[in-house]
Amino acid sequence: MTNEQPHALRQPESVIRHLYFHIPFCPKLCPYCSFYVEVGGKNKNRAFLDALLREVDDAAAHHTLKPETIYFGGGTPTSLLTDQLDYLLGGLRERLDLSALREWTLEANPATVRAEKARLLRDIGVTRISLGVQSWDDELLLTLGRVHNSKQAENTYHILRDAGFPSVNLDLMFAVPGQTHAQWHTTLEKTIALAPDHISSYCLTYEEDTDYFRKLTGGTFRQDDERDAQLFETTMDTLAAAGFAQYEISNYARPGHESQHNRAYWFGADYLGFGPGAFSTIGNERWENVRDTAAYTQRVLTGESAGAFRETLTQTQRAGEIAAFRMRTAEGMSRTELAPWTAAMEELEKLGLLETSGENLRLTRRGRMLADSVGEALV
Ligand SMILES: C[S@@+](CC[C@H](N)C(=O)[O-])C[C@H]1O[C@@H](n2cnc3c(N)ncnc32)[C@H](O)[C@@H]1O
Ligand code: SF4
């Protein structure tokens with residue numbers, strides 16, 4: 001559970017408790033992915049790492065940074081060499097007050113983790129690894145253009161366990177072109193057998209400007225809503241039976257292993273993002289750093305702001321955004337908090353997408369299948 005208060009009821013915080021670092025490097029670009037990434041990482045010189053540390057120093061001059069959660073995402077943070085991770089994470093340890101830190105997550109691709117790297121990350125204080133497995137089926141991994149096979153992913157999982165991380169998440173994807181029900185069932189069963197602490201199961205989305213999107217619009221790929229709904233139902237049933245609580249539409253955890261960093265986002269906490277393409281939100285102010293690694297590095301190291309895009313959200317926009325996130329969680333929100341959207345919520349309740357649970361309204365099983373419609377009513 002969280003002690004976050006809904007943002008709409010709070011003033012901007014002077015203490016920032018949630019930090020995100022965007023590491024935009026990947027060993028290979030996946031054809032469905034629209035995150036800001038580039039191939040490589042290993043050859044990046046120290047300047048990029050120094051820019052990240054300098055951005056933290058600059059932020060610390062304006063805010064008190066007392067992180068409860070740190071999240072290294074991407075891209076693929078483990079694309080950096082062990083020495084580079086040592087320099088970067090060690091540099092952070094020197095700069096930050098980590099006395100309140102509860103969770104330090106780092107995303108990993110199975111092709112980029114060796115035992116030495118895993119040990120270093122654990123020794124330096126990382127508590128949680130999120131591993132992009134996607135599927136245990138080698139044929140589907142090829143369809144997804146992944147750089148690793150299932151054997152490598154399994155080896156990497158054991159390396160992480162041997163290194164002693166208290167929490168390991170496995171990312172999976174369903175609704176992949178050509179994926180059968182049997183393939184998905186096998187992937188779920190194999191995942192459960194490995195006993196991770198957390199599973200993120202994402203429905204493939206066709207993001208604009210990706211190869212997958214072009215193949216969809218060009219007719220090479222076809223969406224099959226009925227199959228995808230069945231795959232989602234199988235996910236919910238299979239993971240629930242194995243003891244994983246679906247605490248958010250795409251996220252399942254053993255008790256005590258819910259992602260605290262993501263929960264902070266959903267509850268509207270302030271956060272700072274570092275690195276190219278990273279977003280920050282403080283109060284109703286939101287900005288994004290320039291989506292260009294070279295420009296980002298140059299700007300930060302010459303004392304310029306890395307911010308490229310900035311907007312001020314209205315109170316209504318921010319409250320709607322937080323409500324849309326929170327309604328995707330298992331607990332939902334109280335009717336009082338949902339008062340601005342009473343008419344829309346009553347309509348969704350009549351349609352069987354929402355139900356009462358104590359003081360709260362939350363998604364029904366059918367509502368979880370149509371969660372986007374609920375979100376749209378709130379923003
Ligand atoms: C930044 S990646 C995780 C780490 C690493 N880059 C990797 O892919 O192994 C975050 C996750 O987002 C999910 N993802 C990426 N693109 C997606 C898409 N178009 N639809 C659904 N899920 C997606 C994948 O499950 C991926 O593991
Ligand atoms: S899915 Fe992960 S590995 Fe693939 S391009 Fe996106 S961030 Fe990189």
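Hi everyone, let me start with one pair of residues: Q246 has Y252 in β10 as its bridge partner. Before going on, a word on what we are looking at. This is a predicted model, in which local features need pLDDT of at least 70, side-chain atom pairs count only at pLDDT 80 or more, and totals for chains, interfaces and linings use all residues. Residues are numbered from 1 along each chain as its sequence is written, chains are lettered from A and ligands numbered from 1 in the order in which they are written, and side-chain values use heavy atoms, with hydrogens and water left out.

Back to that pair. Strand β9, residues 245–248, and strand β10, residues 251–253, run antiparallel and are joined by three bridges. The two strands form a hairpin, with two residues between them. When I say that strands pair, I mean that DSSP finds at least two bridges between them. Helices (H or I, at least four residues) and strands (E, at least two) are DSSP runs, numbered from the N terminus.

Now the whole chain. How many helices and strands does the secondary structure come to? There are 14 helices and 17 strands. Along the principal axes, the C-alpha atoms fill a box of roughly 55 × 50 × 40 Å. The radius of gyration is 21 Å, which agrees with the value near 21 Å for a compact globule of 379 residues. That radius is taken over C-alpha atoms, and the globule rule is 2.2 Å times the number of residues to the power 0.38.

How much of the chain is buried? Of the 379 residues, 55% count that way. Buried means under 20% relative accessible area, exposed means over 50%, and partly exposed is in between, with a 1.4 Å probe and protein chains only. The chain exposes about 16,600 Å², and carbon and sulfur atoms supply 49% of that; the areas come from the Shrake-Rupley method with a 1.4 Å probe. As for contacts (heavy atoms within 4.5 Å), take those with a separation of 6 or more: 72% of them come from residues 24 or more positions apart.

Let's go to strand β7. Eight of its eight residues are buried, so β7 is largely enclosed by the rest of the structure. In a regular strand the side chains alternate between the two faces of the sheet. Here S167, N169, D171 and M173 point one way from β7, while V168, L170, L172 and F174 point the other way. Strand β6, residues 128–134, runs parallel to β7 and is joined to it by six bridges, with L131 opposite L170. β7 also pairs with β8 in the parallel sense, over six bridges, and there L172 has S201 as its bridge partner.

Please follow the chain out of β7. A175 lies in the loop between β7 (167–174) and α6 (181–194). It is not a glycine, yet A175 has a positive phi of about 70°. A175 is buried, at 3% relative accessible area. A195 also has a positive phi, near 55°, in a residue other than glycine. You'll find A195 in the loop between α6 and β8 (198–203), and it is partly exposed, with a relative accessible area of 34%.

Is T210 buried or exposed? At 3% relative accessibility, T210 counts as buried. Leaving aside neighbours within four places in sequence, T210 is in contact with P31, Y32, C33 and S34.

Two of those names come back around ligand 2. Which residues are around that ligand? They are C26, L29, C30, Y32, C33, G75, T76, N109 and R146, where being near means having a heavy atom within 4 Å. The shell divides into five nonpolar, three polar and one charged. For that count, Ala, Val, Leu, Ile, Met, Phe, Trp, Tyr, Cys and Pro are nonpolar, Asp, Glu, Lys and Arg are charged, and the others, Gly among them, are polar. G75 is worth a look for its backbone as well: a cis peptide bond joins G74 and G75, with omega about 15°. G75 sits in the loop between β4 (64–74) and α2 (82–95).

One last pair of places.
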